[in-house]
Amino acid sequence: MIETSVSRHHQNFFQVIQSYYQLTKPRIIPLLLITTAASMWIASQGKVDPVLLVATLSGGTFAAGAAQTINCIYDRDIDYDMERTRHRPLPSGRVQPRDALIFAIALAVISFTLLAVFANLLSALLAMSGIVFYVGIYTHLLKRHTTQNIVIGGAAGAIPALVGWAAATGSLGLPAWVIFAIVFLWTPPHFWALALMIRDDYAKVGVPMLPVIAGDTATTRQIWLYTLILIPTTLLLVYPLHVSGIVYAGIALVLGSIFIKKAWALLHDSSNQQQARSLFLYSILYMMLLCAGMVIDSLPITHQVTTTVMAFSGQ
Ligand code: HEM
Ligand SMILES: CC(C)=CCC/C(C)=C/CC/C(C)=C/COP(=O)(O)OP(=O)(O)O
């Protein structure tokens, strides 16, 4: 690891900032925040306090950054051995594990403080439990030991939806758990589609991701099953919960049909990397647009327009 110590001593200020930024795996965070925001919007019936929104999303960002940084510390051995992750700040020696840990603790403290002060204690505790779950349950207990790692571990990625609801209302209603379930059920198709493409990397370091252990056919079958459960789950917000209306229902149905179509195509051509890639990329777009649908549907203006249209069509 000669390259390690050399690169550490030749970083300028911006490169150091960039290294710490990369520890947080920043590309995933916006989608986590989108689920938090959607949850807040539904919880406050389309009228979110902007200060609370900004504080909650900032708190969520810091919590997710802390979780990812600790994950980077824990996984630095296998990250060094995988081509995709070798250039991360820890395996490449740009940041020392001890410094990364201090950084993660600082992020967690800022997150907790922001949420506890601007939102409430419940949302702050939920965010901390997200960190504990992602690090303790997913990264430590499951990731290297079972093919169900991302199914159970996926619950960590669904916690931001609970944080949003708790921040807006101070409690956790049934709809919060439905949004949690949506992200939870979405995670296996999202991740396994990707894992089908990068299976060899995981196999090399002995991480038992489903495609490594069970093969392509079994994986695409599982993706198909989770997709089939996911789509009706998205509609629970409309019926029986009545927290979302016809606009969201339409969006969820159209988006869901495309998801099913792609999962079906992959099921019948399970070693087709292009199909897997297409499903992975679509899974991200799907979650973004579904959450956008929740927000749009919750706005008072949407409510006014739909009731007016309904009244006219009823005459
Ligand atoms: C245990 C659950 C999950 C696992 C194991 C997982 C794994 C991954 C991996 C390995 C990547 C590729 C990123 C890279 O190349 O560095 C990825 C991409 C991504 N994931 Fe997930 N993911 C999970 C859950 C989630 C959740 C809950 C969200 C947000 C709601 C999410 C959002 C994203 C996004 C937006 C990308 C694309 C990032 C990019 O542009 O490269 N993931 N995921
Ligand atoms: C409320 C709160 C703080 C929640 C935290 C939720 C959180 C950080 C979820 C991230 C899920 C995710 C992208 C896992 C990556 O898996 P991996 O680490 O196995 O991926 P890798 O193979 O790229 O390292």
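Ligand 1 is surrounded by 18 residues, of which the closest are Arg27, Ile28, Leu31, Ile150 and Gly157, where a residue belongs to the surroundings if its C-beta atom, placed from the backbone, lies within 6 Å of the molecule. The elements that contribute two or more residues to this shell are helix H3 (29-43), H8, H9 and helix H13 (273-298); helices here are DSSP runs of H or I with at least four residues, strands are runs of E with at least two, and both are numbered from the N terminus. H9 gives the most to the shell around ligand 1, with five residues. By class, the shell around ligand 1 holds 10 nonpolar, six polar and two charged residues, with Ala, Val, Leu, Ile, Met, Phe, Trp, Tyr, Cys and Pro counted as nonpolar, Asp, Glu, Lys and Arg as charged, and the others, Gly among them, as polar.

This is a predicted model, in which local features need pLDDT of at least 70 and side-chain atom pairs count only at pLDDT 80 or more, while totals for chains, interfaces and linings use all residues. Residues are numbered from 1 along each chain as its sequence is written, and chains are lettered from A and ligands numbered from 1 in the order in which they are written.

Ligand 2 is likewise surrounded by 18 residues, and the closest are Ala63, Ala67, Gly130, Gly157 and Ile159. Two or more residues of the shell around ligand 2 come from each of helix H4 (50-74), helix H7 (121-142) and helix H8 (149-169). The shell around ligand 2 divides into 11 nonpolar, five polar and two charged residues.

Turning to the fold, the protein has 14 helices and zero strands. Its radius of gyration is 21 Å, close to the 20 Å that the globule rule gives for 315 residues, so the protein is as compact as a globular protein of that length; the radius is taken over C-alpha atoms, and the rule is 2.2 Å times the number of residues to the power 0.38. Along the principal axes, the C-alpha trace spans about 80 × 50 × 30 Å. Of the contacts with a separation of 6 or more, 73% are between residues 24 or more positions apart, two residues being in contact if their C-beta atoms, placed from the backbone, lie within 7 Å.

Buried residues make up 45% of the 315 residues, where a residue is buried if 20 or more other C-beta atoms lie within 10 Å of its own, exposed if 12 or fewer, and partly exposed in between, with C-beta atoms placed from the backbone. The largest nonpolar core contains 89 residues, of which Ala66 and Leu162 touch the most other members; such a core is a set of buried Ala, Val, Leu, Ile, Met, Phe, Trp, Tyr and Cys residues joined through C-beta atoms within 7 Å. Helix H9 (residues 174-197) gives the most to this core, with 14 residues. Leu162 touches Leu126, Leu172, Ala176 and Phe180, when residues up to four places away in sequence are not counted.

Helix H2 (residues 13-23) has Ser19, Gln22 and Leu23 as its buried residues. Seen down the axis of H2, these buried residues fall within an arc of 110 degrees, so they line one face of the helix, the arc being that of the directions from the helix axis to the C-beta atoms. On the other side of H2, Phe13, Phe14, Ile17 and Tyr21 are exposed, while the cover over the buried residues includes H4 and helix H6 (97-119). H2 is followed by Lys25, which is found in the loop between H2 and H3 and has a phi near 45 degrees, a positive value in a residue other than glycine.

A cis peptide bond joins Tyr239 and Pro240, with omega about 10 degrees. His242 lies in the loop between H11 and H12 and has a positive phi of about 60 degrees although it is not a glycine; with 9 C-beta neighbours inside 10 Å, His242 counts as exposed.
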